[in-house]
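Visitor: I would like a close look at a single part of this protein, with the cut-offs behind each term spelled out. Please place that part in its surroundings before going into detail.

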Amino acid sequence: MTPEDSLSVLFGLAGLVNPFALLIGAVLGWYADSRKKLIIAGFAAAALSVLLDASLNMGGIAPVGGYEGGPLAVLPFRFVGAVLIAGLVHGARKRMRGAR
C-alpha cells in the first residue's frame with residue numbers, strides 16, 4: 001500500500017468518516033451534558049467502532065472502508081471524526097434548547 005492509498009483510507013470510510021464512529025459519536029454527543037464530555041464521547045465512539053469492525057471481521061464480513069492494516073491504525077482518525085460530530089450534535093441540541 002502506497003502512502004497515497006493509506007491517506008485515502010485514513011481520511012475515508014475506514015477512518016475519519018467511519019459511519020459507526022460517527023453514529024455513536026452523534027448519539028453520545030446528544031446526551032453529553034457538558035463540552036468536557038465530548039472528548040470521552042469521541043474516545044468511546046472510536047473504541048466501540050473498532051470493536052465492532054473487529055467482531056465483524058472475525059465473523060467473515062469485511063471491515064467498512066476495506067482497509068488492510070490493523071484496526072488500531074484507524075483509531076485516532078475515528079476519534080477525531082467522532083469528536084467533531086459529537087460537538088456538532090451537542091451544539092445543535094444546546095441551540096434547540098435555547099430556542100424554546
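Guide: Of the 100 residues in the protein chain, 30% are buried, where buried means under 20% relative accessible area, exposed means over 50%, and partly exposed lies in between (1.4 Å probe, protein chains only). This is a predicted model, in which local features need pLDDT of at least 70 and side-chain atom pairs count only at pLDDT 80 or more, while totals for chains, interfaces and linings use all residues. Residues are numbered from 1 along each chain as its sequence is written, and side-chain values use heavy atoms, with hydrogens and water left out.

The protein chain has 4 helices and 0 strands, helices being DSSP runs of H or I with at least four residues, strands runs of E with at least two, both numbered from the N terminus. Over the protein chain the average is 88, and 95% of the residues score at least 70.

The 13 residues of helix 2 should span 18 Å at 1.5 Å a residue, and the 19 Å between its end C-alpha atoms agrees with this, the expected span being 1.5 Å times one less than the number of residues. Within helix 2, the residues A21, G25, A26 and G29 are buried. Seen down the axis of helix 2, its buried residues fall within an arc of 130°, so they line one face of the helix; the arc is that of the directions from the helix axis to the C-beta atoms. An α-helix has 3.6 residues a turn, so residues three or four places apart point the same way. The face of helix 2 turned away from its buried side carries L23 and Y31, which are exposed.

Since R78 lies in helix 4 (residues 75–99) and D53 in helix 3 (residues 37–58), the pair ties together parts that are 25 residues apart in sequence. Both R78 and D53 are buried.

How values were computed
pLDDT is the predictor's confidence in each residue, from 0 to 100.
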